[in-house]
Every structure is written in C-alpha cells, then in structure tokens.
Amino acid sequence: MSEAVAIIGGTGLCDWDGAEVLAARVVDTPYGETSAPLRDMRYGGSRFYFLPRHGDGHRLPPHKINYRANIWALQQVGVKAVFAVNAVGGITARCGTGALVVPDQIIDYSWGREHTFFDGNDGRLDHVDFGSPYSDDLRAQLLNAAAKQAMVLVEDGCYACTQGPRLETAAEVQKLLRDGADVVGMTGMPEAALARELGLDYASLCLVVNPAAGLSDEPITMADIQKVIDSGMQSVKNLLAATVSG
Ligand code: HPA
C-alpha cells in the first residue's frame, strides 16, 4: 500500500515516535481547516498519511472537530482508504479494558455536528447506503494482520457515538447496552458517514480505555485512561503499520 492510505489518530495517538515525516501538507478545503496538516509519513515499512483528529496538542473536543474538512482533505490528496483509531469505553463483557475492537456497526447519538457533504448548498444531494457503515475489506485487513501477529481482537461490535465531551451517565450506558452497543466513544460520527459520502473505504480500530459509566465501582478518571493508552497504543500502532504494509 502507499500514501493512498490514511490513519486518523484519536485520543492517545497524536504522534508516531520513530516515524519519518516526509511532508506536512496543508490542504485548503471549502469547509475550513483540517485538524492539523496531513502528515505524509513513513513508519517501518509503511507509508501513509496521518491526521491527528483532535489537532496537535489535542486541542479540539469531539464536537468541535471539523470532520468534513478532514475527510475532504484526505480525499483531495488521493487517499482511498482510512483507518480510524478511537479510544472508547467498554460496555459488553467481551469489550473489557485493554481490548482492541474492530466494530462493524454504529449507532449515532451525536447532534449538532456538520455531518454531511450533501446539505443542498452546492446543488449536490444524495442518500448514501450506510447499512454496513465500515468497509468489510479494511476490517478484514485488520483482522488478518492481527492473526499473523497472534494478536487477539474483538472481531465485530457496535460503536455508539455520543456527543460528549462529558462522559455518559450510568443510565445512558444501560440504554446503550439495551440498544445493542458494545463500545461507546465520541468521535466515530459523522466521520464514518462522511467517508462513505466521498466514497472512501473506512474502518475503525477501537482501544477500550475504561469500563463505560456505571459498569465499575470506580469513577472514570483521565489518569486511569492514560495508563491504558500508555500500555495499549503501541499495539495499535504495530497492528496498523502491519496492516498498511500488508
Ligand atoms: N464514553 C465516551 N467516550 C469515551 C469513553 C467513554 O466511556 N472512553 C473513551 N472515550
């Protein structure tokens, strides 16, 4: 593969130590600024564009991310496939803290975000099929790369996207569970839908960084989340690099 692949990093994945940044491209978009310049990177044997979703220094909360600019810019530079990394809370037992999950479904509870390229403003209107929101091909690439490294993944699951930036109430998490969600995060949407609207293949690799609200006796703290990120994010990078070089 090549720089036609992009990785969008989430909480805990802003930098790639040991990577060579070949270029940082600022792309003008009709939607405003991307979260950061697109970094054309080489990491091990892999070459890809990297975009830190929350911006350099993690300055953008989930509802302020310019998802449209990000996805538009990636398409502009020729990206065809996007691997998104999402830190999430675990809801079902199989998605315990530290697990890596490759979801196959989404429920969107976010609101008030610019969520479509087809808002009628430029005369384009379409209703894209989103029944299977993630690319099965990219999901299979992740699962195959993991199998080669004997890395255990949760091979499917439903991602619930909440608005944030606050975490959920315990009752909200019980509702998400009844709705069929396995993990909960704040940034999966509208990113996945926008990628579909522009015809980009898109898959997510989720790192479970805490039990969702009310599922443990302990409060959720950023310090505890950071510990899980510190121990889990290297596996995420290794898996992505292996997948991209695949
Ligand atoms: N809820 C929503 N988003 C998250 C969580 C959570 O528990 N953990 C990490 N991102």
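## A charged pair to start with

Aspartate 119 is partly exposed, at 34% relative accessibility (partly exposed lies between buried, under 20% relative accessible area, and exposed, over 50%, using a 1.4 Å probe and protein chains only). Its partner in a salt bridge is arginine 68, with the closest N and O atoms 3.1 Å apart (a salt bridge puts a side-chain nitrogen of Lys or Arg within 4 Å of a carboxyl oxygen of Asp or Glu). This pair links distant parts of the chain, 51 residues apart: aspartate 119 sits in the loop between β7 (105-108) and α2 (136-148), and arginine 68 in helix α1. Helices (H or I, at least four residues) and strands (E, at least two) are DSSP runs, numbered from the N terminus. Arginine 68 is buried, at 11% relative accessible area.

## About the model

This is a predicted model, where local features need pLDDT of at least 70 and side-chain atom pairs count only at pLDDT 80 or more, while totals for chains, interfaces and linings use all residues. Residues are numbered from 1 along each chain as its sequence is written, and side-chain values use heavy atoms, leaving out hydrogens and water.

How many salt bridges does the structure hold? There are 12. One of them joins aspartate 156 and arginine 94, at 2.8 Å from N to O. Aspartate 156 lies in the loop between α2 and β8 and arginine 94 in the loop between β5 and β6 (100-101), so parts 62 residues apart in sequence are tied together.
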